[in-house]
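Thanks, everyone. Please have the model open on your screens. I'll keep this short.

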Amino acid sequence: MIRARICFGKVVLTVAAVGIFSSISPAQDTYKPAPENLKARQEFQDDKFGMFIHWGVYSILGDGEWVLHNRKLQLHDYERLPGFFDPEKFDAKAWVALAKAAGMKYITITSRHHDGFAMFDSKLSDWNIVARTPYKKDPLKMLADEAHRQGIKLFFYYSQLDWHNPDYYPRGRTAWDNGRPDKGDWNAYIDTYMNGQLRELLTNYGPIGGIWFDGMWDKPDADWHLAKTYALIHQLQPTALIIPNHHQAPKPGEDVQTFERDLPGRNTAGFNTTFVTDQLPLESCNTLNGSWGFDIGDDKYKSAEEIEEMLVRAAGNNSNLLLNIGPLPNGEIQEEFATRLRVVGEWLSKYGLSIYGTRGGPIAPGDWGVTTQKGDTVYVHVLNWKAPLLALPPLTRQVASAQELINGTKVQVAQSEHGVVFPVPAPEKGQSDRVIVLTLK
Ligand code: H79
C-alpha cells in the first residue's frame, strides 16, 4: 500500500510494509480529531469514574452474558428468551440516581452484547427488545432521556461480534456449537446491519458520550471496515468517543484506549496488550463481583474499600475506572451492588478532589500507592504502607507545603536530591487510602 502524508510542508510518499498496517485506510490514517472531540477526551479524563451495565435477555438465565456459548445452547432455543423478558421494575431514574450517588460521572450500557440482541428499538431487524419482548419498550431511550435530565453522560457498549445474525460469517473463535448457519455476507453485516444500528444509536438518543466496542478479538484478522465505521460515528457526533476493547494497541480513529480487568500495561487477565499509549485517555474496566451479566451464583462482591482502591490505582495510572454491575432480569439493581456503590459515593464526597479532574502524578505507581496531580497540587495516595515514614523518589519541583487531605493537618516533608520523606498517619479502620496533599512551588 502506498500512502501519502504531509510532513513539515513536504509530501512524503512511504511504502508501508504489507502486514499489520494493510487494513488501515488512508482516510483513517490521517484522522484528525475535531476540536470538540479533543475537549470531550479531556472531560472524559476529568470524569474518572463510570458505571458499566451488562443487561440483556441472557440476564434471565442468571448465568452471565456468555451463556449461549458456554452452555452450547441452540439459537432456536435461545430465541425463546425474549418472550420471557419483561423488566417491569426497570426504573431509569433509579439507575441514573444510583450512578450519581456512587460518584460516577458516566454510564456505559450494553446496547447489544455478543448474542446480538438489541436492547433498543432497531429497524435493522426484529431481534430487539421492542419487537420481541412483552415489555415492548426501549429502555435505552428512557435511560438516555433520564441521563440528559440528571446531567450524566451515556455511552453505548456495542458488540461487533454477533452470534445471532447469519451474516456474521465466516465465524470467529466463539460459538461454534449453536446451530448457526454456514453461510453469510460479511460485508452486508458490517456496512448495512452494524453501521445501520450505530446510525440509529447516534441519531435517536440525543448526545451520546461514545461507543464502546467489544468482540473484535473474535476475528482479529478480519476486515472490520473500521475506517468507514469510525468515520460514520465521528461524522454523526464528533464529541462521541470511540472506545474499542480489542485488546490491541490503538488504531487510527480511536479516542480512548481501554483495558479489561487490568490496569493499563498489566496483563494479569492474559488477553490484554501491555502497550500503553501516551496519546489517548485510558480506561480500565472491572466487575463489582466476578461477573459482567447477572450471575446468580456469584457472591464475590468487592468491598467498598476495594473498589475505592481500584479507583485510586486507576487514577494514579492516569486511567478511568469503569465499574460493572449486572442488573436483574426484572430491571432491579440488587442491594449488594447498591449498598457498596453508595459507600463509595460517600467516600468520594470527601476524597473526590484527589481523583476527579486529576491526571496520573509525577511519581511512578507502586505497591505502596500512587500519585495524582492537578496543576500545582500532587495527591499522594498511600494505600499499602505500614511504616510511619514514607520515602518517595525525588520530585523535580520543590514542595511548598503539605497536609493531610482529610483534616488539613500539616505534614513535615523532608526533601533532598535523594527523594521526599514524610510521616504518614495510621490508616483509619476500613479505610486504606491516606492522602497527603503536596503543594508545589
Ligand atoms: O462484555 C464483557 C465480556 O462479555 C466481554 N468483554 C467484557 C467487557 C468479554 N468477552 N470475552 N472476554 C471478555 C474475555 C476474552 C477472552 C478472549 Fe478469547 C481470550 C478473547 C480472545 C482470547 C475467548 C477465548 C475467546 C476466544 C478465546
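I'll go through some helices, then a few loop residues. Keep in mind that this is a predicted model.

Start with helix α2, residues 35-47. It has 13 residues, and at 1.5 Å a residue they should span 18 Å. The end C-alpha atoms are 19 Å apart, which agrees. Which residues of α2 are buried? They are Asn 37, Ala 40, Arg 41, Phe 44, Gln 45 and Asp 47. Looking down the axis of α2, these buried residues fall within an arc of 160 degrees, so they line one face of the helix. Turn to the face away from that buried side, and you find the exposed residues Pro 35 and Lys 39.

Next, a helix pair. Two packed helices are described by the angle between their axes and the distance between the axes. Take α5, residues 92-101, and α7, residues 139-150. Their axes come within 9 Å and cross at roughly 45 degrees. That angle makes α5 oblique to α7. The crossing is right-handed. On the α5 side, the contact uses Ala 92, Lys 93, Trp 95, Val 96, Ala 97 and Lys 100. On the α7 side, it uses Met 142, Leu 143, Glu 146, Ala 147 and Gln 150.

From α8, the contact residues are Ile 190, Asp 191, Met 194, Asn 195, Leu 198 and Arg 199. From α9, they are Lys 228, Thr 229, Leu 232, Ile 233 and Leu 236.

Now α11, residues 335-351. Its 17 residues reach 24 Å from first C-alpha to last, close to the 24 Å expected. Its buried residues include Phe 337, Leu 341, Trp 347 and Tyr 351. What do the buried residues of α11 pack against? They pack against β3, α5, α10, β10 and β18. We have met α5 already, in contact with α7.

On to the loops. The one between β5 and α8 holds Gln 160, Pro 170 and Ala 175. Is Gln 160 buried or exposed? Its relative accessibility is 2%, so Gln 160 counts as buried. Beyond its neighbours in sequence within four places, Gln 160 contacts residues including Arg 112, Tyr 168, Tyr 189, Met 194 and Trp 224. Met 194 also sits in the contact between α8 and α9.

Most residues other than glycine have a negative phi, and most peptide bonds are trans. Now look at the peptide bond from Tyr 169 to Pro 170: it is cis, with omega near 5 degrees. Ala 175 has a positive phi, near 55 degrees. At 2% relative accessibility, Ala 175 counts as buried. His 247, in the loop between β7 and β8, has a positive phi near 65 degrees. At 15% relative accessibility, His 247 counts as buried.

Last one: Asn 384, in the loop between β13 and β14. Its relative accessibility is 31%, so Asn 384 counts as partly exposed. Setting aside residues up to four places away in sequence, Asn 384 touches Arg 313, Asp 367 and Trp 368. Pro 427 is 43 residues away along the chain, with 9.5 Å between its C-alpha atom and that of Asn 384.

That's my tour. Questions, please.

Definitions and conventions: Residues numbered from 1 in each chain as written. Predicted model: local features only at pLDDT ≥ 70, side-chain atom pairs only at ≥ 80, totals over all residues. Heavy atoms only, no water. Helix = DSSP H or I, 4+ residues; strand = E, 2+ residues; numbered from the N terminus. Expected span 1.5 Å × (residues − 1). Buried < 20%, exposed > 50% of the residue type's maximum accessible area, 1.4 Å probe, protein only. Arc of directions from axis to C-beta. Axes fitted to C-alpha atoms, helices over the stretch in contact; angles between N-to-C directions. Parallel < 35°, antiparallel > 145°, perpendicular 65-115°, else oblique. Left-handed = near helix turned anticlockwise from the far one by under 90°. Contact = heavy atoms within 4.5 Å.
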